[in-house]
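Work through the exercises below with the sequence and the structure at hand. Try each task before reading its solution.

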Amino acid sequence: MKHQIVRLFILACSIFSISGNIDAQKYISSEYLRSYDQAYFLSEFSLFVNNAVELYRINYTTKNIEGKVDTASGLVVIPDNNNFTYSVIAYHHGTVGSRYDVPSYESFEVLIPSIYAAYGFISIAPDYLGLGDSKGFHPYIHAASEAWATKDMLIAAQDFYEERGITAKKRVMISGYSQGGHAGMAAHKLLESDPSLGFNVVAATHMSGPYDISSNMKNLLLDDGEYPLVAYMPYVALAFDEVYGIFNGDINSFFLPNYSSLILQFYREEIDLWTLNDLLIAELNNEFGKANPAKMLIPQVLADIIADDNHPVNVALRDNDVYDWAPKADTRLLYCGKDEQVAFQNSLTAEAKMKANGATKVNAYNIDPNGNHSSCVSPAVTNSVFFFLGFRELTDTDDQIIVNNSYVTPNPVNNGEITINGLNQSVEYKIDIYNTNGALVKSVDNYKSDHMISTIDFTKGMYIAKIASNNGEIYSTKFVVL
């Protein structure tokens, strides 16, 4: 056991050294995928957006977990207007079933960075190591590689922007859902901790992420109850064996043979993660009458993990917790109260620890007390979009900030009425007002500049007014109700 811990420590130190000292990022190539026009977002999502967008897969160099150069892939979505300098949103995708079920190969999550871009940002979405065009097995929930894949893509993408004639600031917002919440948090920490990279993280929305895998997530998977995604346990075990050598390739020393044979099929990419999950659940139900992931482990391995806080599994899990630091950027931890896959306590643990570490702009929000992991996606992304709109900063070619002339009076509001001034007097507008959770609280059709809008039923807080004209112009402005 002592030799395993020493080996783990040495390997962890070498990986840290690699991640800190090798500059592997280089833009290689891009491939146009598709475009979405403004009408698409309106017809499919009822969103009045600012831009049509273009989607590209880019390839860039990064490093693998051994520190060798690897070619990785990721999605870049750019607005179709080259007249502005844009801020960048880095979106991180959730757990995927197979190598090519990723944003740059147009998985369903391609729409999230596309929506961000349609509102006036550049969006990137790394595929991570071992997915997309990257070689090898994906190091699932490995914080360091999630972070450096993002960092290297942010750097390499700057050459792509130049190639496309679009200008981006090194002003960044970070987002991600589920595994992407973990990956985004890891990337956020790396970018803030290394000023030499030159990126300014101004805001973040980490959504339903497993930030505390050594406690909240471990307890969820190792207790005696059922869990719907039992395949997550072998995915983590395979990944951590690749990085830390927790069973040195001998899977039968870790999992019972009737499960290890199925897990090896997934490792060899003969079946996807969701097929593996179905097969494992069927086997667990047949043998134990319930889908309890801990039952797949050799009993002595399970007993050792529970009894020994310094077991290599526990050391590796702690090494990939991502909540024990203090973000400087305005950060939201978004979660839903009945998440059956990622315990919502992850967000509360992260919020408490970050505030204890001195963070002053970190807040956790339960955006749907009855929402589960799947139903939480829509309100979380909506919240994220409107939160980031408050940080959008478009500049012209002379780096002058472009602000539309619309503004709310009075602001703050304490008399129950507002007007939106500075609009074209001859044009009618549709006004949609959202709270900071992204919920629509009021709509006004056929609005003309200086007309009154009642806010008598609004609760105290900040609101965003989205202003769409009948000639295609779209603006947004913020106001506060006292």
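Two strands pair if DSSP finds at least two bridges between them. The model used here is predicted.

**Exercise 1. Find how many bridges join strand β7 to strand β8, and state whether the two run parallel or antiparallel.**

Solution. Step 1: locate β7 at residues 200-207 and β8 at residues 330-336. Step 2: five bridges join them, and the strands run parallel. Step 3: for one of the partners, take Ala 203, which is bridged to Asp 330 in β8.

**Exercise 2. State the strand order of the open sheet and explain why one side of β1 and of β9 has no neighbour in the sheet.**

Solution. Step 1: the sheet has nine strands, in the order β1-β2-β3-β5-β4-β6-β7-β8-β9, with mixed pairing. Step 2: β1 (26-36) and β9 (362-368) are at the edges and have a single partner strand each, so one side of each is left without a neighbour in the sheet. Step 3: from one strand to the next, the twist averages 25°. Step 4: helix α13 (residues 377-389) packs on this sheet and touches β4, β6, β7, β8 and β9. The direction of α13 makes about 165° with that of β7.

**Exercise 3. Classify the packing of helix α7 on helix α9 and describe the residues in the contact.**

Solution. Step 1: α7 (residues 232-244) and α9 (residues 273-288) pack at an angle of about 120°, and their axes are 9 Å apart. Step 2: that angle makes α7 oblique to α9. Step 3: Tyr 232, Pro 234 and Tyr 235 of α7 meet Leu 273, Trp 274, Leu 276 and Leu 280 of α9. Step 4: the contact residues divide into seven nonpolar, no polar and no charged.

**Exercise 4. Decide whether Asn 435 is buried or exposed, and describe its surroundings.**

Solution. Step 1: Asn 435 lies in strand β12 (residues 429-435). Step 2: buried means under 20% relative accessible area. Asn 435 has 18%, so Asn 435 is buried. Step 3: a polar atom of the Asn 435 side chain lies 3.0 Å from the backbone nitrogen of Ala 439. Step 4: leaving aside neighbours within four places in sequence, Asn 435 is in contact with Val 441, Met 462 and Tyr 463. Step 5: β12 pairs with β13 (residues 440-447) in the antiparallel sense over five bridges. Four residues lie between the strands of this hairpin, and Gly 438 takes a positive phi near 85°.

Methods:
Residues numbered from 1 in each chain as written. Predicted model: local features only at pLDDT ≥ 70, side-chain atom pairs only at ≥ 80, totals over all residues. Heavy atoms only, no water. Buried < 20%, exposed > 50% of the residue type's maximum accessible area, 1.4 Å probe, protein only. Polar contact = N/O pair within 3.5 Å; in protein donor to acceptor, adjacent residues only side chain to side chain. Contact = heavy atoms within 4.5 Å. Axes fitted to C-alpha atoms, helices over the stretch in contact; angles between N-to-C directions. Parallel < 35°, antiparallel > 145°, perpendicular 65-115°, else oblique. Nonpolar A, V, L, I, M, F, W, Y, C, P; charged D, E, K, R; others polar.
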